[in-house]
Amino acid sequence: MDDFHDPKLAALIGRNLRKRRREVWPADTQRDMALRLGVGIATYSRMERGDARVSFRHYLAAARILRCKKQFAKLFTQPDEPPSLIDQLLREAEAKKQNS
């Protein structure tokens, strides 16, 4: 089992996701966030519980919506590394968003 599927790590990610949602939109429910993400309530609920079976792209989308995508991207790089693939994907997504 790799670290991404570590239950303690997954639970921490879920708690941090819930905390960030409450910081950004204090009145929002899990249902509201699920609608923002375009996922079902059950999927978003699993995300806040730290279910590692949820698609990585949903966690990335949540980071973008919660305005913490740069911090999210930093999880995947070392300070002395060139920009990571995740940074590249984030830049491409921003460019598409600005062009539409």
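Visitor: How do you know that the span of α1 agrees with its 18 residues?
Guide: This is a predicted model. At 1.5 Å a residue, the 18 residues of α1 should span 26 Å, and the end C-alpha atoms are 26 Å apart, so the two values agree.

Visitor: Which residues of α1 are buried?
Guide: Ala 10, Gly 14, Leu 17, Arg 21 and Val 24 in α1 are buried. They cover an arc of only 105° around the axis, which puts them on the same side of α1. Lys 8 and Lys 19, on the other side of α1, are exposed.

Visitor: What covers the buried residues of α1?
Guide: The cover includes α2, α3 and α4.

Visitor: What makes up the largest nonpolar core?
Guide: This core has 19 residues, and Leu 17, Met 33, Leu 37, Tyr 44, Met 47 and Leu 66 have the most contacts inside it. Two or more residues come from each of α1, α2, α3 and α4. The largest share, six residues, is from α4.

Visitor: What does Met 47 touch, not counting residues up to four places away in sequence?
Guide: Among its contacts on that count are Gly 14, Leu 17, Leu 37 and His 58.

Visitor: Why is the charged end of Arg 36 said to sit over the ring of Trp 25?
Guide: The distance must be within 6 Å of the ring centre and the direction within 35 degrees of the ring normal. The charged end of Arg 36 is 3.6 Å from the centre of the Trp 25 ring and is counted as over it. Arg 67 also lies over the face of Trp 25, at 5.7 Å from the ring centre.

Definitions and conventions. Residues numbered from 1 in each chain as written. Predicted model: local features only at pLDDT ≥ 70, side-chain atom pairs only at ≥ 80, totals over all residues. Heavy atoms only, no water. Core = buried A, V, L, I, M, F, W, Y, C linked by side-chain atoms within 4.5 Å. Buried < 20%, exposed > 50% of the residue type's maximum accessible area, 1.4 Å probe, protein only. Helix = DSSP H or I, 4+ residues; strand = E, 2+ residues; numbered from the N terminus. Contact = heavy atoms within 4.5 Å. Expected span 1.5 Å × (residues − 1). Arc of directions from axis to C-beta.
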